[in-house]
4 protein chains.
Amino acid sequence: MLDPQDPEATIAAAAARVSNWGRWGEDDVLGTLNLLTPEKRVQAAALVRSGVSFDLTQHFNTDGPQKGWLRRVNPVHAMLGTGLDAEAGIPAFPHGIGGADDMITMPLQASTQWDGLGHIFDHGKAYNGRRAGAIVTSEGDNTTGIETTAGRFVGRGVLLDVARHLEPETAELPDGFAITPEHLDATAAAAGVEVTSGDLLLVRTGRLSRARRSIAAGTGWGDYAGGESPGLSFTSLDWLRAHDVAAVATDTWGVEVRPSEFAVPTFQPFHQVAIPHLGLFLGEMWDLEELAADCASDGVHEFLLAAPPLPVTGAVGAPVAPIAVK
Amino acid sequence: MLDPQDPEATIAAAAARVSNWGRWGEDDVLGTLNLLTPEKRVQAAALVRSGVSFDLTQHFNTDGPQKGWLRRVNPVHAMLGTGLDAEAGIPAFPHGIGGADDMITMPLQASTQWDGLGHIFDHGKAYNGRRAGAIVTSEGDNTTGIETTAGRFVGRGVLLDVARHLEPETAELPDGFAITPEHLDATAAAAGVEVTSGDLLLVRTGRLSRARRSIAAGTGWGDYAGGESPGLSFTSLDWLRAHDVAAVATDTWGVEVRPSEFAVPTFQPFHQVAIPHLGLFLGEMWDLEELAADCASDGVHEFLLAAPPLPVTGAVGAPVAPIAVK
Amino acid sequence: MLDPQDPEATIAAAAARVSNWGRWGEDDVLGTLNLLTPEKRVQAAALVRSGVSFDLTQHFNTDGPQKGWLRRVNPVHAMLGTGLDAEAGIPAFPHGIGGADDMITMPLQASTQWDGLGHIFDHGKAYNGRRAGAIVTSEGDNTTGIETTAGRFVGRGVLLDVARHLEPETAELPDGFAITPEHLDATAAAAGVEVTSGDLLLVRTGRLSRARRSIAAGTGWGDYAGGESPGLSFTSLDWLRAHDVAAVATDTWGVEVRPSEFAVPTFQPFHQVAIPHLGLFLGEMWDLEELAADCASDGVHEFLLAAPPLPVTGAVGAPVAPIAVK
Amino acid sequence: MLDPQDPEATIAAAAARVSNWGRWGEDDVLGTLNLLTPEKRVQAAALVRSGVSFDLTQHFNTDGPQKGWLRRVNPVHAMLGTGLDAEAGIPAFPHGIGGADDMITMPLQASTQWDGLGHIFDHGKAYNGRRAGAIVTSEGDNTTGIETTAGRFVGRGVLLDVARHLEPETAELPDGFAITPEHLDATAAAAGVEVTSGDLLLVRTGRLSRARRSIAAGTGWGDYAGGESPGLSFTSLDWLRAHDVAAVATDTWGVEVRPSEFAVPTFQPFHQVAIPHLGLFLGEMWDLEELAADCASDGVHEFLLAAPPLPVTGAVGAPVAPIAVK
């Protein structure tokens with residue numbers, strides 16, 4: 001199923017096996033998000049018991065992991081007015097009111113985000129067989145822009161804490177560790193949770209936890225952004241298709257294992273199938289730490305998950321502030 | 001209660017009446033968001049019946065209403081790589097993978113957003129009596145930054161479509177129309193919905209609908225941003241305090257009626273009490289059109305509302321992509 | 001020479017007449033800037049008599065003429081630290097030092113600027129016959145990026161104040177006025193100045209003066225950016241080629257007359273020949289007011305001109321702060 | 001003159017010795033730029049012999065030295081339209097014209113720049129004794145903004161290549177090397193050049209050359225931005241005042257030697273005197289390599305220098321593309 005010497009052929013075969021092209025019509029722009037039906041939201045709401053909620057976001061600031069690759073810098077937040085200005089009467093407002101304002105500049109994939117369907121192409125083809133250049137131009141993604149998902153990203157979330165299951169002592173998988181269908185099944189079985197069609201699947205690898213230990217030790221993010229990492233095996237693509245998840249998010253920079261499982265140089269082969277062929281939404285750089293600790297504690301690994309990306313018109317990816325409610 | 005000639009005294013009196021300073025302790029940073037308890041999320045989840053969801057966002061792009069006041073320009077979305085580049089082999093990636101990337105620059109209050117508690121001050125004081133200049137500097141809001149709300153903004157949403165209730169033919173209130181407690185009560189009564197402690201209240205005025213008709217007619221946004229508008233009466237502050245809502249959002253630029261109900265020049269007097277004294281989160285430029293039409297149709301004006309602002313560290317306001325689920 | 005009904009044919013014929021393709025070799029990236037030789041700088045230096053200098057820049061701020069067309073917003077300048085912060089000890093520095101910092105976000109063609117040679121194409125061809133898509137991608141202009149001009153833009157400047165010559169009372173030409181070779185020659189003759197090979201030619205139309213009167217009257221910039229304007233006639237292309245100027249700049253948004261001299265809808269036909277075929281650098285939104293007044297006063301219309309664009313790697317245009325020295 | 005244990009006292013004493021407060025009137029905003037008189041421009045023009053010119057700019061792109069300190073990221077250049085788009089007919093223009101556009105986001109001190117007089121304060125005081133917080137707010141520097149220098153930065157440039165003089169083999173000074181008045185005098189004497197009132201002084205340390213060797217070796221910029229470096233000695237302040245230079249620029253991140261010559265922790269003590277007390281303009285991150293090689297070759301170390309900062313209204317520093325002409 002995976003020829004380590006031949007990524008091209010392996011990718012092509014996987015694409016053929018898992019493709020969702022045409023499944024929801026040739027005009028479809030939602031891909032696997034079609035699977036997140038109203039019924040899934042009813043199912044998700046029924047999972048809310050205590051109402052306790054969890055932030056799954058790495059906050060947005062200049063202290064992030066980005067190092068400038070592909071011009072991806074960290075978010076720059078700047079004030080346009082402050083409390084100090086207000087105290088000084090700037091700007092001049094009547095009757096004692098004062099205000100502060102601010103702005104942000106950031107690559108849309110700088111921190112916690114969803115990849116849109118226009119983010120990755122396979123041999124010039126985007127999701128549903130569209131020409132990459134016909135849909136994503138300098139004016140943005142005119143067909144599968146992230147705004148097409150607006151109002152949809154609320155559903156049943158399932159956490160598979162593979163790291164904690166396989167490495168109970170450290171709760172961290174080593175870099176280069178490929179999470180296979182067997183690992184996913186074993187983790188789900190141990191958690192007593194079933195991954196079903198339309199779920200928003202969260203897979204924890206412990207990579208963020210390791211980066212945070214590095215930061216705490218004064219050695220910074222290291223290669224969290226774009227370096228080696230545990231992640232989903234290329235072979236998990238079939239599993240994701242079989243389980244028909246609506247989206248999958250992890251605590252890593254790039255969802256998939258790095259370096260890849262091929263013996264020759266590759267770049268994100270899992271992405272090359274997952275986004276254009278499966279039409280699968282990938283969530284990157286999520287913070288699953290607090291939620292995972294809670295799930296380990298109460299043994300409940302399913303919850304309502306609200307994760308609407310910021311609907312920037314034509315965006316091929318977008319920041320998100322996901323919330324899980326148990 | 002409102003002396004049209006004396007905003008200073010009127011504001012001071014209202015602030016004294018509705019103040020939440022100290023209510024949740026002197027270190028509190030959440031204000032009315034304290035009222036959005038886990039129990040409210042349980043209550044909200046129980047409102048999900050069909051699972052149908054609604055996007056409440058004005059999408060983020062250069063075609064927005066901003067005109068540069070306070071350097072608030074419209075969001076600028078720029079591609080860092082496109083499908084056309086990918087087709088041309090740029091950047092050079094192996095085995096046929098290609099990608100697109102993008103970035104955004106925007107004032108945080110350019111479109112659909114939440115005001116944070118550090119956004120407005122009264123005579124140099126922020127929420128809970130803090131010195132404006134002690135908490136909001138060029139490094140951001142070091143105390144009540146919007147990231148402190150992360151993981152909390154999911155709860156029971158209630159829509160009061162005052163415009164449709166009072167103006168059933170047009171479903172639009174005229175500019176300068178002040179929505180009073182009586183209007184809110186009447187609208188709630190007619191809708192058969194009760195506003196309770198910890199709710200996320202949505203008030204529809206029809207102002208966005210009017211702007212959209214103007215755009216469709218080729219005359220643009222007009223003064224949607226910063227011009228005249230229907231909105232909450234200054235007198236609604238007591239009502240909001242009495243009902244202990246967790247937040248209130250509208251389909252207008254600035255929540256409150258413009259021009260104000262004072263006979264002398266003022267600037268956002270409702271804000272001056274609501275944010276620093278009530279500690280109330282205000283949602284601006286929301287798109288309530290589709291949700292309101294559905295509520296008018298099925299008569300159900302309550303729902304689960306997920307509205308997590310993008311947690312930009314230290315931000316005094318933040319964009320949000322709210323979703324309502326019924 | 002100009003068929004009002006047939007811009008395509010007229011443009012093609014002009015392109016054939018004035019083309020500089022191959023003139024400086026097939027690898028050339030400098031176009032008419034080749035004409036600005038060291039000898040021209042010697043000539044320019046000899047023009048410095050009093051040492052009085054003139055700023056030719058419209059300063060960069062949010063109060064500029066841009067209205068968002070093609071996502072061209074006005075420059076947004078934001079502080080990252082202020083004197084108020086420094087007084088408050090932010091950031092914390094030793095021994096009483098304090099500092100302020102700032103940032104800018106702007107379209108490179110937002111205000112006073114040079115068009116680079118990668119800015120405009122004719123039927124997909126850039127200067128010297130290159131494929132537009134082969135040189136200007138999302139990674140920037142890999143061949144004629146503005147940085148290739150670094151160190152060159154100092155030379156002999158010549159001002160032709162056509163507005164003052166033709167309209168001595170108002171010193172403003174009406175919108176739609178096309179400046180022809182005859183107007184240029186007459187203005188030069190009256191000024192007693194000769195336009196020679198390698199000159200940096202400045203042509204004043206009075207359009208900025210008119211915009212400033214509008215701003216002073218409270219009616220704002222109007223359509224300075226992209227609206228009607230006096231400017232160079234399409235027929236001036238041959239004159240510019242015959243005189244072999246190194247560059248030409250004006251006080252208008254787009255150098256050329258608007259609307260164009262064609263009877264059918266067009267878009268910047270002068271640009272379509274000037275940049276890709278002539279390889280001519282065009283300067284837009286320059287402020288020639290103070291310099292022009294001085295030239296009118298002393299009768300001297302030639303000077304040393306230093307106008308180095310900010311060398312943003314791969315840029316197709318760049319801001320510039322030109323200085324004239326007499 | 002420099003008590004290694006007592007930066008406070010040393011700084012205060014130097015400030016008292018070299019202060020220019022009041023020298024050009026209490027309303028003065030130009031500081032040492034007052035010394036760059038029209039006569040200096042006449043003198044500079046007379047230095048132009050061959051007309052050969054030199055770019056002194058480190059170009060602006062994401063591959064710069066910044067690492068995010070004080071939110072100073074590297075410049076991000078993004079295309080708003082490309083040649084690939086134009087070939088695809090985007091945007092739709094008539095008669096075969098196509099275009100490309102772009103934008104930039106950057107801290108104003110990201111690369112080659114001038115520090116403005118509002119950039120640094122001493123115990124809350126800016127140049128000419130003004131209160132830091134009274135002039136530099138979130139609205140920018142309302143008094144000494146960089147735009148006040150517009151039209152002035154053309155004059156006589158003098159290069160003192162201290163590195164090549166002291167280290168003829170490597171032409172690089174070691175990090176921590178403090179350039180004293182004696183070094184400056186010796187270098188000038190060897191070069192046969194005199195530094196006179198109103199000059200734009202360039203001091204080469206070789207620090208950029210060393211960074212470039214590091215980049216070429218694959219080890220990147222290292223700590224060019226904010227790390228150790230050769231630079232001007234604190235004791236050179238008196239020399240700069242005695243010679244009355246209009247400005248001084250170097251090939252380093254911060255002009256002054258790092259670490260400083262004090263035995264206790266300090267931060268940019270030279271700046272603390274130079275900018276607020278001397279009112280001296282400091283140029284940072286200039287590229288003097290090509291010019292210095294030429295000066296070493298022909299023995300001529302003086303030239304016309306045009307270095308107008310981009311006049312961003314209210315900026316406390318600004319990028320510049322300096323050109324030297326010999």
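Guide: What follows is a chat about a predicted model, moving from whole chains to single residues.

Visitor: Okay, what is chain A built from?
Guide: The secondary structure of chain A comes to ten helices and 17 strands.

Visitor: And what size of box do its C-alpha atoms fill?
Guide: Roughly 70 × 50 × 45 Å, taken along the principal axes of chain A.

Visitor: What is the radius of gyration of chain A, and what would a compact globule have?
Guide: Chain A has 20 Å. A compact globule with 326 residues would have a radius of gyration near 20 Å, so chain A agrees with that.

Visitor: How much of chain A is buried?
Guide: Buried residues make up 67% of its 326 residues. Chain A still exposes about 9,500 Å², and carbon and sulfur atoms supply 52% of that area.

Visitor: How many charges does chain A have?
Guide: There are 22 positive and 41 negative charges in chain A, and their mean positions are 2 Å apart.

Visitor: What rotation takes chain B onto chain C?
Guide: A rotation of 180° with 0.0 Å of shift along its axis, and the RMSD is 0.0 Å. In chain B, the C-alpha nearest that axis belongs to B:Val73, 3.6 Å from it.

Visitor: Why do you say chains B and C meet through the same surface?
Guide: Because 100% of the interface residues of chain B are also interface residues in chain C.

Visitor: Let's zoom in on a helix. Which residues of α7 in chain C are buried?
Guide: Helix α7 of chain C covers residues 207–216, and its buried residues are C:Arg207, C:Leu208, C:Ser209, C:Arg210, C:Ala211 and C:Ser214.

Visitor: What do those pack against?
Guide: They pack against α10 (289–298) of chain C. After α7(C) comes C:Gly218, with a positive phi near 85°.

Visitor: Where is D:Cys295?
Guide: D:Cys295 sits in helix α10 (residues 289–298) of chain D.

Visitor: Is D:Cys295 buried or exposed?
Guide: D:Cys295 counts as buried because its relative accessibility is 0%, and the cut-off for buried is under 20%.

Visitor: What does D:Cys295 touch?
Guide: Leaving out residues up to four places away in sequence, D:Cys295 touches D:Leu159, D:Val300, D:His301, D:Phe303 and D:Lys326. D:Cys295 and D:Leu160 are 135 residues apart in sequence, with 9.6 Å between their C-alpha atoms.

Visitor: Can we try a strand next? Where is B:Thr250?
Guide: B:Thr250 is in strand β13 (residues 247–250) of chain B. With a relative accessible area of 1%, B:Thr250 is buried. Not counting residues up to four places away in sequence, B:Thr250 has contacts that include B:Val203, B:Val255 and B:Trp286.

Visitor: Which peptide bonds in chain D are cis?
Guide: Among them is the bond joining D:Ile90 and D:Pro91, with omega about -10°. D:Pro91 lies in the loop between α3 (83–87) and β3 (97–99) of chain D. A cis bond also joins D:Arg258 and D:Pro259, with omega about -5°. D:Pro259 is in the loop between β13 (247–250) and α9 (269–278) of chain D.

Visitor: Why point those out?
Guide: Because most peptide bonds are trans, and most residues other than glycine have a negative phi.

Visitor: What is phi for A:Val255, then?
Guide: Near 65°, a positive value in a residue other than glycine. A:Val255 is in the loop between β13 (247–250) and α9 (269–278) of chain A, and at 0% relative accessibility A:Val255 counts as buried.

Visitor: And how about C:Asn128?
Guide: C:Asn128 is not a glycine, yet its phi is positive, about 70°. C:Asn128 is in the loop between β6 (120–122) and α4 (132–135) of chain C, and C:Asn128 is buried, with a relative accessible area of 12%.

Conventions. Residues numbered from 1 in each chain as written. Chains lettered and ligands numbered in written order. Predicted model: local features only at pLDDT ≥ 70, side-chain atom pairs only at ≥ 80, totals over all residues. Heavy atoms only, no water. Helix = DSSP H or I, 4+ residues; strand = E, 2+ residues; numbered from the N terminus. Rg over C-alpha atoms; globule rule 2.2 N^0.38 Å. Buried < 20%, exposed > 50% of the residue type's maximum accessible area, 1.4 Å probe, protein only. Areas by Shrake-Rupley, 256 points an atom, 1.4 Å probe, with all protein chains shown as cover. Lys, Arg positive; Asp, Glu negative; His and termini not counted. Charge placed at Lys NZ, Arg CZ, Asp CG, Glu CD. Contact = heavy atoms within 4.5 Å. Least-squares fit on C-alpha atoms with pLDDT ≥ 70 in both.
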